[in-house]
Amino acid sequence: MESPYIQLGREAGVKLLAERFYGFMDTLPEASTIRAMHAGDLAPMTEKLAVFLTGWMGGPERYRERFGRVIIPAAHEPFEIGAAERDSWLLCMRRALESVEADEELTELLMSSFWQMADMCRTRSD
Ligand code: HEM
C-alpha cells in the first residue's frame, strides 16, 4: 500500500491538509479554546505542521532538516490539554481530511493514529 504521504499528494497535498486544518481551527466555534492557545498568525504553525506531517506520513524528514528533532507530547507540555481540547484538535483534522477528499479508508487509518498522538499530548487527565 502507498504511504499516506503519497496518497495525499506528496508535499503539496500534505501542505494543503495543514492549511485546511488550521483554517478549521481558526473558524470552528468548537475549536475556539485551542485556537486561543496559538499565536495570532497561524502561518508559521501551518508550515511546521505540514513539514512534520510530511515525515510522519512516510515522506522526507523535512521537520528535522529545518527545525531539528521534536517529541510531540513534550512540545505540548506548556498547554492545558484535556479530553475536550484533544477532541477539538481531532475534529479540525477530520474536517481537513474531508475537505481534501482523502479516501475513506485512509481517513480512518490516519484518524486512529492521530487519536493516539493527540491523547499523548494531554497534559490534564480531566
Ligand atoms: C491534543 C490536542 C492538541 C493541541 C490542543 C495542540 C496545540 C498546540 C499548540 C498550542 C502548539 C504551539 C503553537 C504555537 O507555538 O503558536 C502546538 C505545536 C505543535 N503541534 Fe500541536 N496540539 C495538539 C495535538 C497535536 C498533534 C496530535 C500533533 C501531531 C500529529 C501536533 C503537532 C504539533 C507540531 C508539529 C507543533 C510544533 C512544535 C514545535 O515546532 O515547537 N499537535 N500544538
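Colleague: Which residues of α7 are buried?

Modeller: This is a predicted model: local features need pLDDT of at least 70, side-chain atom pairs count only at pLDDT 80 or more, and totals for chains, interfaces and linings use all residues. Residues are numbered from 1 along each chain as its sequence is written. A residue is buried if 20 or more other C-beta atoms lie within 10 Å of its own, exposed if 12 or fewer, and partly exposed in between, with C-beta atoms placed from the backbone. In α7, the buried residues are E85, R86, S88, W89, C92, M93, A96 and L97.

Colleague: How far apart are the end C-alpha atoms of helix α7?

Modeller: Helices here are DSSP runs (H or I, at least four residues), numbered from the N terminus. The expected span is 1.5 Å times one less than the number of residues. Helix α7 covers residues 83-99, so its 17 residues should span 24 Å. The distance agrees with that: 24 Å.

Colleague: What do the buried residues of α7 pack against?

Modeller: Contact means that two C-beta atoms, placed from the backbone, lie within 7 Å. By that rule, the partners of the buried α7 residues are α2, α3 (32-35) and α8 (104-120).

Colleague: Is L97 buried or exposed?

Modeller: L97 lies in helix α7. It has 22 C-beta neighbours inside 10 Å, so L97 counts as buried.

Colleague: Which residues does L97 touch, not counting those up to four places away in sequence?

Modeller: Start with a neighbour along the chain. E108 is 11 residues from L97 in sequence, and their C-alpha atoms are 9.8 Å apart in space. With residues up to four places away left out, L97 touches L17, A102, T107 and L110.

Colleague: How many other C-beta atoms lie within 10 Å of S99?

Modeller: S99 is found in helix α7 too. E65 is 34 residues from S99 in sequence and 29 Å from it in space, C-alpha to C-alpha. S99 is partly exposed, because its count of other C-beta atoms within 10 Å is 15.

Colleague: Are α7 and α8 roughly parallel or roughly antiparallel?

Modeller: Axes are lines fitted to C-alpha atoms, for helices over the stretch in contact, and angles run from 0 to 180 degrees between N-to-C directions. The axes of α7 and α8 come within 10 Å and cross at roughly 155°. Angles under 35 degrees count as roughly parallel, over 145 as roughly antiparallel, 65 to 115 as roughly perpendicular, and the rest as oblique. The two helices are therefore roughly antiparallel.

Colleague: Which residues of α7 and α8 make the contact?

Modeller: From α7 come R86, W89, L90, M93, R94 and L97. From α8 come T107, L110, M111, F114, W115, A118 and D119.

Colleague: At what angle do α2 and α7 pack?

Modeller: Their axes are 8 Å apart. The two helices are oblique to each other. The angle between them is about 130°.

Colleague: Is the crossing of α2 and α7 left-handed or right-handed?

Modeller: A crossing is left-handed if the near helix is turned anticlockwise from the far one by less than a right angle, and right-handed if clockwise. The crossing of α2 and α7 is right-handed.

Colleague: Which residues in α4 does α2 meet?

Modeller: The axes of α2 and α4 come within 8 Å and cross at roughly 135°. That makes α2 oblique to α4. On the α2 side, the contact uses E11, V14, K15, L17, A18, E19, F21 and Y22. They meet M45, T46, L49, A50, L53 and T54.

Colleague: What is the phi of E101, a residue other than glycine?

Modeller: E101 sits in the loop between α7 and α8. It is exposed, with 8 other C-beta atoms within 10 Å. Its phi is positive, near 60°.

Colleague: Where does D126 lie?

Modeller: D126 is not a glycine, yet it has a positive phi of about 75°. It counts as exposed, with 8 C-beta neighbours inside 10 Å. Its place is the segment after α8.
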